[in-house]
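The report that follows should be read alongside the sequence and the coordinates.

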Amino acid sequence: QQQQQPAAEGLRLLNSITRRKELFVPQSGNRVRWYSCGPTVYDSAHMGHARSYITFDILRSVLQKYFGYDVEYVMNITDLDDKIILRARRAHLFESYAKDNATNAEKVKSDVKAARDELQASIAKETVPEKQEMLKKQLAAIDAALADAKSSTETLLAVGKDALAKVLDKKLGASLSDHSIFTKLTQQFEQEFHEDMAALNVRPPDVLTRVTEYVPQIVAYIERIIANKYAYASNGSVYFDTQAFDSKPQHQYAKLMPEARCDFSALAEGEGELSGTGCSEKRNQSDFALWKASKAGEPAWDSPWGKGRPGWHIECSVMACDVCGDTLDIHTGGIDLKFPHHDNEIAQSEAHYGSSQWVHYFLHSGHLNIDGLKMSKSLKNFITIKDALAKFSARQLRFAFLLHQWHATLDYSDETMTQAVQREKAFNEFFLNIKAALRTLGSAVDKFPKFGKAEMTLNRYLRQAKNAVHAALSDNVDTVATLLALQELMATTNVYLRDAETEKRPPHGMLLQQVAAYITQILDAMGVLPDATDIGFPLGGTTQALEDVVVPKLQAFAETREVIRRLAREMKNSALLAECDRVRDVALPDVGVRLEDKETGPVVKLVDREELKREKQREEEMKAAKKREKEEQAQKRAEQEAAKLAQSRIPPSEMFKGRKEYSKLDAQGIPTHDEKGEELSKSSRKKLEKEYKAQEKLYNDAKAASGAT
């Protein structure tokens, strides 16, 4: 295990409250009370979620495993929200409608037409371009299905689902009162979320909270804010009084983003789609709901203000304070939550406790773009975590995040993932080479040859790398610089191994072990390894002991195969050589074994079977891409040659005839006046004469070549 580094050595974190890097000093010695905003579980988790949760898992892992902090990590599940209410109602109503009308083709067609008209009307009212574009695509799909006489009822229901569900909710949503309609949806997507996090090797929180389990505490929390004169009841709802809060010298509303405090569109979005404008109920336009009076069709709980439900922002304050107490060391969330969500959290928590600082360090993960653009369903660049994991491993995705500063924008693209895959492969190959080198050393005595000049140099680089890594991780957990330091240490070690092989001297086994173990420990500290191993990456359930047992047997097989290859070459037996190649290229990779034929003898490496398949797939894709590029280049050359041939057949006197931009030509056929009848300038005339001479040469050369043949 990596030697723990004391906090006194200077971990600095970028604090969103002050917008600068600050020395990290927890309030209670080594204990860190940390709350992180969790997902709103109304849909499948996407790569935007992964940006936050992988990032915070990296930070949490570094603070625990490298700096040795005792972290209590708390995360919530938002299982009560306007989006959830709408999605659950619509899903329930559409499911019932589809079941009841599966054989009623005429009714479905009529209802889809009506929903289509409502959809068209909503497009004109939509002000967000991306949403408008998405609605237009829905409309086009419905129109195409309605226009096709062969469209089945099933097809119409599929393309009209969203539009029809919205209409059904408008008509019948208020009639729903069963809470199980909402929990069915949230439990489904919460389960998916946990599965996605496990697949990404993101560790679960120490404490998980759900809004629906905290309603009594939320009511009590709001009552205290009202008693402190920072909130007021209005028509069964309760609103936070931003002006009353801001008027006190010890308080400041919108600490994180004071420049956004008058962004009323963001404030309205934070209130939720079911809230309406609500301005008539508020004292100030910037006031926000702590408690919402429930309307028909919405889940409701008893409260001193009547039947209602919690507002969005209050939930995090209550759950964080219930578990962590009246103050937090660290609060984390996506940068898009800064305002109004996190600013409102701060205000209501400080209003509740009468304090001036609820959170000491607010850390925000950067945005995630897809190929340089904001992720959006309308742009068809919406990538779920499952989609990403179908193409890349969890470790490769984590390397992509480690190659970017945690607070900066991450562009998820082919280029980014190519770099991540290459970086992972470099580390994996390094570990496999170290293991192979260590296996060549026999007894324990063989691992301790003379500590010569080469060993002194490598040992010095190891110490320098440790210093560089510590400086990088202490500087706002700079994983980019950390990976660079590890990469330089690997490169130096590879040179040491190459020189030892060239000079035919045994490498220093214990020094190699120390280098590889250190790199492994730092990768583990950044969460790259789901489980601690001695050296390198785990092998999909196999253990180090199993590797020690299996590899010597595989090595014996490889050496026997090498003898067969040598005899086959002497006998010129191509069939036997081909079979030896098939064993190396097909049979062994299928069971997770890589066999490398080297001049010094065969080398056996155990690797993840799925990763080998992905490597092979990437190689085939690269070959196919190169083939396509070669074919495209050949086609382009052929088109250019054809165009050149066609051009060479045009006499220079004809080349400008019929072109609209010229109204008069001279005796040679060179333009003298433009389309308006005005004489061309000398420079324009000179340029055209140059084109004429070039065409004249092309034409004469082609004519001569034709005559010669």
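How many bridges join strand β8 to β9, and do these strands run parallel or antiparallel? Strand β8 (residues 288-293) is joined to β9 by three bridges, and the two run antiparallel; within this pairing, W291 has P310 of β9 as its bridge partner. The model is a predicted one, in which local features need pLDDT of at least 70 and side-chain atom pairs count only at pLDDT 80 or more, whereas totals for chains, interfaces and linings use all residues. Residues are numbered from 1 along each chain as its sequence is written, and side-chain values use heavy atoms, with hydrogens and water left out.

**Sheets**

Strands (E, at least two residues) and helices (H or I, at least four residues) are DSSP runs numbered from the N terminus, and two strands pair if DSSP finds at least two bridges between them. The two sheets are set out below.

| Sheet order | Pairing | Strands |
|---|---|---|
| β6-β7-β8-β9 | antiparallel | four, open sheet |
| β5-β4-β3-β10-β11 | parallel | five, open sheet |

In the four-stranded sheet, the edge strands, each pairing on one side only, are β6 (231-234) and β9 (308-310). Helix α8 (residues 215-227) lies across β6, β7 (237-240), β8 and β9, and runs at about 125° to β8; such angles, from 0 to 180 degrees, are taken between N-to-C directions of axes fitted to C-alpha atoms, for helices over the stretch in contact, where contact means heavy atoms within 4.5 Å.

In the five-stranded sheet, β5 (207-210) and β11 (359-365) form the edges. Four bridges join β4 (residues 70-77) to β5 in parallel, with V74 bridged to V207, while helix α12 (residues 338-353) lies across β10 (328-334) and β11 at about 160° to β10.

**Nonpolar cores**

A nonpolar core is a set of buried Ala, Val, Leu, Ile, Met, Phe, Trp, Tyr and Cys residues joined through side-chain atoms within 4.5 Å, buried meaning under 20% relative accessible area with a 1.4 Å probe, protein chains only. The largest has 113 residues, and those with the most contacts inside it are Y412, F427, I519 and L523; helix α1 (residues 47-66) gives the most to this core, with 10 residues. Beyond its neighbours within four places in sequence, L523 is in contact with residues including F399, F431, L483 and F537.

**R565**

R565, in helix α19 (residues 544-571), is buried, with a relative accessible area of 14%. Its side chain makes a polar contact with the side chain of E562 (2.9 Å), and, not counting residues up to four places away in sequence, R565 touches L577, C580 and D597. A polar contact here is a pair of N or O atoms within 3.5 Å; within protein, one must be able to donate a hydrogen and the other to accept it, and residues adjacent in sequence count only if both atoms are side-chain atoms.

Definitions and conventions:
Buried means under 20% relative accessible area, exposed over 50%, partly exposed in between (1.4 Å probe, protein chains only).
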